[in-house]
Amino acid sequence: MTLNSPTTSSKSTTTITRVVVVDDHPAIREAIADTIRAEQGLELCGLAGSAADAFDLVRETSPDVAVIDISLGDAHGLDLVQNLRAQHPKLEVVVFSMYDEEVYAERAIRAGARGYVMKSEPTQSVAEAIRAAAQGE
């Protein structure tokens with residue numbers, strides 16, 4: 001069953017937020033994926049290692065939130081953010097990046113990201129950012 005938006009079960013009030021992760025480093029993808037899998041209310045619906053794969057994944061799975069690395073092998077992450085948001089306006093984006101300069105965070109927000117988390121932060125910060133983005137924060 002494919003869910004298209006945060007869903008509330010009829011048996012509980014738990015909202016499920018569907019998430020895709022886009023990062024060109026397998027270890028980072030898996031670390032974020034493990035964090036999402038361990039979090040109640042978050043559902044991992046796919047992993048992508050490139051911008052091209054990300055477009056296909058988002059189209060196929062209709063996630064609520066995408067976690068995107070700013071530096072990808074086949075594209076700039078901010079271009080991906082902008083293009084995904086243009087094609088999927090309801091998709092919220094959290095950028096997860098090694099760049100700690102404020103200018104990158106500002107560019108990410110201007111490109112359409114809802115949040116920006118540095119890779120120096122614990123992966124739990126990504127889970128918190130996903131939840132906040134899903135709620136429009």
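User: How many salt bridges does a search of the whole structure find?
Analyst: This is a predicted model, in which local features need pLDDT of at least 70 and side-chain atom pairs count only at pLDDT 80 or more, whereas totals for chains, interfaces and linings use all residues. Residues are numbered from 1 along each chain as its sequence is written, and side-chain values use heavy atoms, with hydrogens and water left out. A salt bridge is a side-chain nitrogen of Lys or Arg within 4 Å of a carboxyl oxygen of Asp or Glu. With that definition, the number of salt bridges found by a search of the whole structure is nine.

User: In what order do the elements of the protein chain run from the N terminus on?
Analyst: Helices (H or I, at least four residues) and strands (E, at least two) are DSSP runs, and they are numbered from the N terminus. The protein chain has five helices and six strands. Read from the N terminus on, the order of these elements is β-β-α-β-α-β-α-β-α-β-α.

User: What percentage of the residues of the protein chain count as buried?
Analyst: A residue is called buried under 20% relative accessible area, exposed over 50%, and partly exposed in between, with a 1.4 Å probe and protein chains only. The protein chain has 137 residues, and the percentage of them that count as buried is 43%.

User: Are the residues of strand 4 buried or exposed?
Analyst: In a regular strand the side chains alternate between the two faces of the sheet. In strand 4 (65-69), Val65, Val67 and Asp69 point one way, while Ala66 and Ile68 point the other way. Five of the five residues are buried, so strand 4 is largely enclosed by the rest of the structure. On either side of strand 4, then, the residues are buried.

User: Which residue of strand 5 stands opposite Ile68?
Analyst: Two strands count as paired if DSSP finds at least two bridges between them. Strand 4 pairs in the parallel sense with strand 2 (residues 15-22) over four bridges, and there Val20 stands opposite Ala66. Strand 4 also pairs in the parallel sense with strand 5 (residues 92-97), over five bridges. In this second pairing, the residue opposite Ile68 is Val95.

User: Which residue forms a salt bridge with Asp69 at 3.4 Å between the closest N and O atoms?
Analyst: Asp69 counts as buried at 3% relative accessibility, and Asp69 belongs, together with Asp23, to a network of salt bridges. The partner at 3.4 Å is Lys119. Asp69 lies in strand 4 and the partner in the loop between strand 6 (115-118) and helix 5 (123-134), so the pair ties together parts that are 50 residues apart in sequence.

User: Where do Arg37 and Asp34 both lie?
Analyst: The side chains of Arg37 and Asp34 meet in a salt bridge (3.0 Å, N to O). Arg37 counts as partly exposed at 49% relative accessibility, and Asp34 counts as partly exposed at 45%. The two are three residues apart, about one turn of the helix, and the element that holds both is helix 1.

User: Which residue has the nearest side chain of opposite charge to Asp64?
Analyst: Lys and Arg count as positive and Asp and Glu as negative, while His and the chain ends are not counted. Asp64 has its place in the loop between helix 2 (51-61) and strand 4, and Asp64 is buried yet has no salt bridge. A polar atom of the Asp64 side chain lies 2.7 Å from the backbone nitrogen of Arg18. The nearest side chain of opposite charge is 5.2 Å away and belongs to Arg18.

User: Near what value is phi of Ser62?
Analyst: Ser62 lies in the loop between helix 2 and strand 4, and Ser62 is partly exposed, with a relative accessible area of 24%. Its phi is positive, in a residue other than glycine, and lies near 50°.

Terms used:
A polar contact is a pair of N or O atoms within 3.5 Å; within protein, one must be able to donate a hydrogen and the other to accept it, and residues adjacent in sequence count only if both atoms are side-chain atoms.
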